[in-house]
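The following exercises are to be worked with the sequence and the model side by side. Each task is followed by a solution in steps.

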Amino acid sequence: MRFARNLLALSLAALTLPLAAYIAFRPGAAEMLRHGGSAALWLLIRQVVVNGLPVVFIATWAGAVLHGTARRGRPALLIDAPLRLAVLALLHAAVFVFAAGWFGSFGGDRMTALRVVAPTLARAAAFENLSGVYLYATLLASLPAQAATLRRGGGRWRRAAAGMIAWTLLCVAAFTLLSSLAS
């Protein structure tokens, strides 16, 4: 229970900064919340809690398990960002297909739901939708596990940290490219 509680707290903390940035910098988002009152705020909170929090939590859990089971931290650093991005993409696909079947979203068509996953995630990488909040929260939530792995690595932490950041950025760039090619 403590593990789940800590991952939940980390996931919520990681969602805070990207969500605040999305509201502040996305044209019309802050204005919609200001003029929409509590109804708009509750819709946003519901969307983040129902869709975003589980995605960030599960991706964070996958990364924590990866780091916890790795014998040496270095391989975990290389796999961490791609693993989290893959989990994020798979969960988006599952949620979209579920929403199509259960709620009739996407005209009730599961194939349409699958076809819009890639463009949604491409827009997420550009921070154009709430999925961008979930994407960047997932990456922020990876920092404690990566930092702990680096700390165990010894005196080369600066080079390893630079490599980790570069690798994470490369994974995000590849994720964006593949998502945009698929759309």
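**Exercise 1. Overall composition**

What percentage of the 183 residues in the chain do buried residues make up? Determine also how many helices and strands there are in the chain.

Solution. The model is a predicted one. Step 1: a residue counts as buried when its relative accessible area is under 20%. Step 2: by that criterion, buried residues account for 37% of the 183 residues. Step 3: the chain holds eight helices and zero strands. Step 4: read from the N terminus, the order of elements is therefore α-α-α-α-α-α-α-α.

**Exercise 2. Salt bridges**

Solution. Step 1: side chains of opposite charge can pair when their charged atoms come close.

Step 1: Arg 84 and Asp 80 form one of them, with an N to O distance of 2.3 Å. These two residues are four positions apart in helix H3, so about one helical turn separates them. Both Arg 84 and Asp 80 are buried.

Step 2: Arg 115 pairs with Asp 109, and their closest N and O atoms are 3.9 Å apart. Arg 115 is exposed because its relative accessibility is 53%, whereas Asp 109, at 31%, counts as partly exposed.

Step 3: Arg 123 and Glu 128 meet at 3.5 Å, N to O. Arg 123 has 40% relative accessibility and so counts as partly exposed; Glu 128 is partly exposed as well, with 32%.

**Exercise 3. Positive phi values**

Which loops hold Phe 106 and Phe 127? Describe the backbone and the exposure of each residue.

Solution. Step 1: most residues other than glycine have a negative phi. Step 2: Phe 106 has a phi near 60 degrees, a positive value, and lies in the loop between H3 and helix H4 (110-115). Phe 106 has a relative accessible area of 31%, so it is partly exposed. Step 3: phi of Phe 127 is likewise positive, near 60 degrees. Phe 127 is found in the loop between helix H5 (117-125) and H6, and its relative accessible area of 23% places it in the partly exposed class.

**Exercise 4. A nonpolar surface patch**

Which residues form a nonpolar patch on the surface? Locate Trp 42 and classify its exposure.

Solution. Step 1: the patch consists of Leu 41, Trp 42, Ile 45, Val 49 and Val 50, which together have about 480 Å² of accessible area. Step 2: Trp 42 belongs to helix H2 (residues 29-69). Step 3: the relative accessible area of Trp 42 is 57%, so this residue is exposed.

**Exercise 5. The largest pocket**

What is the volume of the largest pocket, and how many residues line it?

Solution. Step 1: the volume is about 550 Å³. Step 2: the lining comprises 21 residues, of which Gln 47, Asn 51, Val 95, Phe 96 and Ala 99 lie nearest the centre of the pocket. Step 3: two or more lining residues come from each of H2, helix H3 (73-103) and helix H6 (130-141). Step 4: by class, the lining contains 13 nonpolar, seven polar and one charged residues.

Definitions and conventions. Residues are numbered from 1 along each chain as its sequence is written. This is a predicted model: local features need pLDDT of at least 70, side-chain atom pairs count only at pLDDT 80 or more; totals for chains, interfaces and linings use all residues. Side-chain values use heavy atoms; hydrogens and water are left out. Patches are made of residues with over 30% relative accessible area and no salt bridge: like charges are joined within 9 Å, nonpolar side chains (Val, Leu, Ile, Met, Phe, Trp, Tyr) within 5 Å. Accessible areas come from the Shrake-Rupley method with a 1.4 Å probe; for residues, only the protein chains shown count as cover. A salt bridge is a side-chain nitrogen of Lys or Arg within 4 Å of a carboxyl oxygen of Asp or Glu. Buried means under 20% relative accessible area, exposed over 50%, partly exposed in between (1.4 Å probe, protein chains only). On a 1 Å grid over the protein atoms alone, a cavity is a set of points where a 1.4 Å probe fits but cannot get out, and a pocket is an open set with protein on both sides within 12 Å along at least five of seven lines; lining residues have an atom within 4 Å of a point. Grid points are joined across faces, edges and corners, and a volume is the space filled by probe spheres set on the points. Ala, Val, Leu, Ile, Met, Phe, Trp, Tyr, Cys and Pro count as nonpolar, Asp, Glu, Lys and Arg as charged, and the others, Gly among them, as polar.
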